[in-house]
Amino acid sequence: MFPPEKMPFKGKIIDITVPISPSTPIFPGDPEPSIESAFTIEKDGCAVSRLILGSHTGTHVDAPSHILKDGLAVDDLNLENLIGQAVVLDFSFRNGALTDYILDKAYNHLKNTDHVSILLLKTKPSFHYENNSRVSGLQAGESNKGIEFEEPPENSVYLDSGAAKWIVRNGFKTVGIDSFSVDNLSSENLSAHHILLSNNVNIVECLDMSSVEAGIYFFLCLPLKIEGCDGAPARALLIPYS
């Protein structure tokens, strides 16, 4: 075990990952996750599961190839840009578009942001997830097809094009959100995705920010190394500095 006194931070690790199960909420139309037993200890001497899921299931990282022709795949991303000092801004009281003015005002209200490279947005999520295998009465192994948005798509908190440009202009390497998308859920042109990914800003979506307060943290997010893929589920962690 790594000696606690050697850890660079003394804060408690906060897991902000949405777990993957058959009841994990998904964006309508995405592949439904399934976890089935392929081998059992009783019959085969070991347990092995068969996993079926989309590349954007649960907490995940969008690769540029998600929306950009010839964009980088998820296994080609620079992991250094997914690790570092992060600022959490709380917009859980808002609906609709976040503009450059809104981001700038909230960001400049905080102190000690000199070395921040990652921006995390806490909102009123468009879906609800309970951290167990049962959501809205579903049992493990059942479909989550009936799960719907808690808020109408037009009420979701999202980045408008000005806010996306503000993120690029201020040198952020990664932006994360606790919703299905950094864009409006009804968007067809995905302007924020295009602006961010074309400027090498990573996108992390479907974070669980419910227990996180606004402030400065150390952030770590590692997507699965799936060759040539447009995105991948990831484990995302926050570590407070105090």
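Predicted model: local features only at pLDDT ≥ 70, side-chain atom pairs only at ≥ 80, totals over all residues.
1. Residues are numbered from 1 along each chain as its sequence is written, and side-chain values use heavy atoms, with hydrogens and water left out.

2. As for the protein overall, pLDDT averages 87, and 83% of the residues score at least 70.

3. Now the charged pairs. Searching the whole structure turns up two salt bridges, meaning a side-chain nitrogen of Lys or Arg within 4 Å of a carboxyl oxygen of Asp or Glu.

4. One of them joins Asp 15 and Arg 235, at 2.7 Å from N to O. Asp 15 sits in strand E1 (residues 14-15) and Arg 235 in strand E12 (residues 231-240), so this pair ties together parts 220 residues apart in sequence. Strands here are DSSP runs of at least two residues, numbered from the N terminus. Arg 235 is exposed, at 52% relative accessibility, and Asp 15 is partly exposed at 35%. The cut-offs are over 50% relative accessible area for exposed, under 20% for buried and in between for partly exposed (1.4 Å probe, protein chains only).

5. Glu 36 and Arg 50 also form a salt bridge, with their closest N and O atoms 3.5 Å apart. This pair links strand E2 (residues 34-39) to strand E3 (residues 48-52), its partners lying 14 residues apart. Glu 36 counts as partly exposed at 37% relative accessibility, as does Arg 50 at 44%.

Note on methods. pLDDT = per-residue confidence, 0-100. Helix = DSSP H or I, 4+ residues; strand = E, 2+ residues; numbered from the N terminus.
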